[in-house]
Amino acid sequence: MKPAALDWSVENCTIARAMEILGERWTLVVLRDVFNGVRRFDDMRVRTGIPRQVLTNRLAALVEQGVLRREPYREPGSRLRHEYRLTEKGLDLWPVLVAVLGWGDRYLADPEGSPLSVGHRDCGAEVRVELRCADGHEVGQHRDVVPRPGPGARRRTP
């Protein structure tokens with residue numbers, strides 16, 4: 001029995017489009033640091049160990065895609081520089097990073113645990129990503145989700 005997903009095309013898949021922006025290894029590392037308040041190029045380079053040209057390319061791509069914006073700043077006696085701030089489009093990636101963190105903590109953390117955790121500012125409880133349907137029901141298992149064609153789906157032609 002063939003999966004129903006083979007009946008529609010994935011040529012215009014938004015997961016594939018998102019991965020064109022996010023799929024390079026260093027991109028999520030850069031976003032992690034910007035979410036953690038590291039906004040300046042030199043601070044990112046030192047903190048992450050990303051090669052200078054790779055970091056330059058990643059930041060430029062994230063700015064071009066509207067995930068980050070450049071904000072000018074000038075230290076006294078220095079030339080004008082830019083720091084990187086999240087746009088609304090970038091801020092909407094927060095649940096993605098929390099989900100990746102949770103997955104990494106579950107399967108890849110050192111025995112002593114993760115070096116990073118995220119907590120709710122109001123109560124201090126750990127933050128995690130949960131799936132809910134549009135009617136508010138918690139979706140606990142992947143088998144509780146049924147993939148189906150979306151409004152932009154195109155029927156495959158044999």
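A residue counts as buried when its relative accessible area is under 20%. Keep that cut-off in mind as we look around this predicted model.

**Two buried residues**

Let's start with Thr-87. Is Thr-87 buried or exposed? Its relative accessible area is 17%, so Thr-87 is buried. You'll find Thr-87 in the loop between β2 (81-86) and α5 (88-91). Which residues does Thr-87 touch, if we skip those up to four places away in sequence? The answer is a run of neighbours: Gly-66, Val-67, Leu-68 and Arg-69.

Now hop over to Asn-12, which sits in the segment before α1 (14-22). Asn-12 has 17% relative accessibility, so Asn-12 counts as buried too. Leaving out residues up to four places away in sequence, Asn-12 touches Arg-17, Gly-152 and Arg-154. Take a look at Gly-152 in particular: its backbone oxygen is 2.9 Å from a polar atom of the Asn-12 side chain.

Next up is empty space. Rolling a probe the size of a water molecule over the atoms shows where such space is left.

| Pocket | Volume | Lining residues by class |
|---|---|---|
| Largest pocket | About 760 Å³ | twelve nonpolar, six polar, six charged |
| Second largest pocket | About 550 Å³ | 13 nonpolar, three polar, three charged |

What lines the largest pocket? There are 24 residues in its lining, and those nearest its centre are Ala-99, Trp-103, Val-129, Glu-130 and Leu-131. Two or more lining residues come from each of α6 (94-107) and β4 (138-139). With nine residues, α6 gives the most to this lining.

The second largest pocket has 19 lining residues. Closest to its centre are Arg-32, Leu-97, Val-100, Leu-101 and Leu-116. Which elements give two or more residues to the lining of the second largest pocket? They are α2 (25-35) and α6. Once again α6 gives the most, this time with eight residues.

Key: Residues are numbered from 1 along each chain as its sequence is written. This is a predicted model: local features need pLDDT of at least 70, side-chain atom pairs count only at pLDDT 80 or more; totals for chains, interfaces and linings use all residues. Side-chain values use heavy atoms; hydrogens and water are left out. Helices (H or I, at least four residues) and strands (E, at least two) are DSSP runs, numbered from the N terminus. Buried means under 20% relative accessible area, exposed over 50%, partly exposed in between (1.4 Å probe, protein chains only). A polar contact is a pair of N or O atoms within 3.5 Å; within protein, one must be able to donate a hydrogen and the other to accept it, and residues adjacent in sequence count only if both atoms are side-chain atoms. Contact means heavy atoms within 4.5 Å. On a 1 Å grid over the protein atoms alone, a cavity is a set of points where a 1.4 Å probe fits but cannot get out, and a pocket is an open set with protein on both sides within 12 Å along at least five of seven lines; lining residues have an atom within 4 Å of a point. Grid points are joined across faces, edges and corners, and a volume is the space filled by probe spheres set on the points. Ala, Val, Leu, Ile, Met, Phe, Trp, Tyr, Cys and Pro count as nonpolar, Asp, Glu, Lys and Arg as charged, and the others, Gly among them, as polar.
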